[in-house]
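Have a look at the model first, then read on.

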Amino acid sequence: MSQLDAIFDYIKSNEQTYVDRVIDYVRHPSISAQNIGIREVATLLVDHLRGLDFDAKLVETPGHPFVLGHRNVDPDKPTVLLYGHYDVQPPDPLDEWVSPPFEPEVRDGRIWARGIGDNKGQHFAQLLAIEAHLKITGTLPCNIIFCLEGEEEIGSPQIADFVRDNMDQLQADLVVTSDGPLHESGQPVITFGVRGVVSFDLIAKGASRDVHSGNFGGLVPNPIWTLIHLLATMKDGDGNITVEGIVDPVIPPTNLELDAASRLPLDLETVMADLGLDALDGPLDRPYWDRLMFHPTLTINGFHGGYDGPGSKTVLPNRAIAKCDVRLVEPLTPDHVFDRIQTHVAKHAPNVEVVRHNGMLPSKTPMDTPFAVTIKKAVQRARGMEPLLYPTVGGSLPDYVWTKILKKPAFVVPYANADEANHAPNENLEIVRFIDGIRTGAALLYELGQKV
Ligand SMILES: [Zn+2]
C-alpha cells in the first residue's frame, strides 16, 4: 500500500470525528463586517497550527489580523502557501435559516452553518489533511505556509499591503486556495486566473435646477441625453467596446487556454432558459467561455436621472448618473483603463465628470506551469476523475497579490458543493465533499513531496 493510500484509509476511519470537529470550529462566529468573534477564531487557529508543530502567529494589520504559520521539513522540497479566510458573511436574514447559523446541524448528508463552505470548512479540511500526514508518517511531504485572512468577506482591503510587508515570510513556490464551489456536477475544478475590475461613475449636469420641459425644452441641455450620447460612443450596437486603448492591448488566449475552455461542459439551452433569454449579448460570433474568460466587458450597472414615479411629469432634469464597471483581462490594469475612459470622456463629453471607485488587477497563472501537472495529478488521485480546468473565471478576486506581488503561480482548488449557499441563509457543505476536500488536500501535499 502506498503512503497516500494509508493516509486515505486513515481519513476514512476518522470521518465521523472530522465532522464533529469541523462543527466545533464553525460554531464560533467570525463576522468581519460586524467585528464579531474575529480575534477569538484567529487565536484558535494559531493554537491549532501550533498543535501541528507550526511556527504560528497573528500578524496585525490596520484591519483584522492574518493567521500565519510555517512548517519547514526539508529545504529541497517545494513550499506551498495554503491561503484561505477565517471570516464569514453576516448570517442575516436569520429567520430564513432552518437551523441557526452558529448552531451547526447535520441533515441530509450535509452540515448546515454559516462559514461551513465559505471558507472555514474548506481550510479546516486542509488542516485535517496536514494532520493525517503527521499521524501516518510523522512528518510532512513538503514545506507549508498556512495563511488565513480575516477580511476576505469585506473585500480584502489589507491583503496587498500584508503581502508586500511580509514578503520574506511568504516565500513559497506556489499558492493554493481552496474556496468556492466545485462544478455543479460535483466534478473537481482547478482555476488558473480571475478577471480584474474597475468601477466608475459618469455624472452629467445641466441647468442649476430641474426645469419645466415646456418652458425650457429645446433651450436647456438635458444631462440624460448627454449620457446616452456619450455611452453610445463607448460600446457599439454589436457589443464591441469602442473606447480607444481598452481592447487593443488584450493578450489573446494561448492554445492551452482555448483547448481547456473548449472542454468545459456547457448546456447553453439550459443556461438561456434559466435566464429567460433567447439570445446572448453581442458580439454574436464569440463563444460562451471566450466572453467570460478572454475579453474585457463594459457594463452599465445603473442609470439614473429625472422622474420615474407614476404617471407623467414634464420635467427637464438637471442631473444624470451612469454607474459602470469594466472587467479586465491581461494585461489591462484599473489605472490604464480608467485613464482611457477619462481621455474618451474628455473628447466626447468634456463636461461629464468621471469618478473612480474600486479596482482590482486581473491575475493569470500559465496553464503550462510545471505545478499544474502536480495539482491535476493530486486531484485525480483524490477524486478518481479528471478535474475541469478553468483558465480564468469571470469574476474578480485578489489573486493578483500572489501572481503579481509575490510573483508565484496560484491555483484555486475548491472543495464545496455548487449549492453551498455561501453568503445566503442555509449555507451548507455536503459531508462527502468535505471528506473529498481532506483527501484532495492530503494528495496535494503528497504529490508536491514527490516533486523535486
Ligand atoms: Zn465569501
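Predicted model: local features only at pLDDT ≥ 70, side-chain atom pairs only at ≥ 80, totals over all residues.

Residues are numbered from 1 along each chain as its sequence is written, and side-chain values use heavy atoms, with hydrogens and water left out.

**Overall picture**

The protein chain has 14 helices and 19 strands; these are DSSP runs numbered from the N terminus, with helices being H or I of at least four residues and strands E of at least two. Along the principal axes, its C-alpha atoms fill a box of roughly 85 × 50 × 45 Å.

Of the 452 residues, 53% are buried. Buried here means under 20% relative accessible area, exposed means over 50%, and partly exposed is in between, using a 1.4 Å probe and protein chains only. The accessible surface comes to about 20,100 Å², and 51% of that belongs to carbon and sulfur atoms; areas come from the Shrake-Rupley method with a 1.4 Å probe, and for residues only the protein chains shown count as cover.

As for charge, the mean positions of the 39 positive and 61 negative charges are 3 Å apart. Lys and Arg count as positive and Asp and Glu as negative, while His and the chain ends are not counted; each charge is placed at NZ of Lys, CZ of Arg, CG of Asp or CD of Glu.

**Inside the cores**

Which residues touch the most other members of the largest nonpolar core? They are Ile130, Ile144 and Phe434, in a core of 68 residues. Helix α14 (residues 431-450) gives the most to this core, with 10 residues. A nonpolar core is a set of buried Ala, Val, Leu, Ile, Met, Phe, Trp, Tyr and Cys residues joined through side-chain atoms within 4.5 Å.

Once neighbours within four places in sequence are set aside, Ile130 contacts Leu52, Phe54, Leu82, Leu140, Ile144, Phe146 and Leu445. There's also a second, separate core of 27 residues, with Leu231, Cys324, Val352 and Val354 among them.

Four spots are worth a look in the viewer:

| Site | Backbone feature | Loop |
|---|---|---|
| Asp92–Pro93 | cis peptide bond, omega about -5° | Pro93: between β3 (79-85) and β4 (105-107) |
| Asp118–Asn119 | cis peptide bond, omega about 0° | Asn119: between β5 (110-112) and α4 (120-137) |
| Asp53 | positive phi, about 65° | between α3 (38-51) and β1 (55-59) |
| Lys407 | positive phi, about 60° | between α13 (400-405) and β18 (410-412) |

Asp53 is not a glycine, and it counts as exposed because its relative accessibility is 56%. Lys407 isn't a glycine either; at 61% relative accessibility, Lys407 counts as exposed.

Pro366 sits in the loop between β16 (363-364) and α12 (370-383). Its 46% relative accessibility is why Pro366 counts as partly exposed.

Definitions and conventions
Contact = heavy atoms within 4.5 Å.
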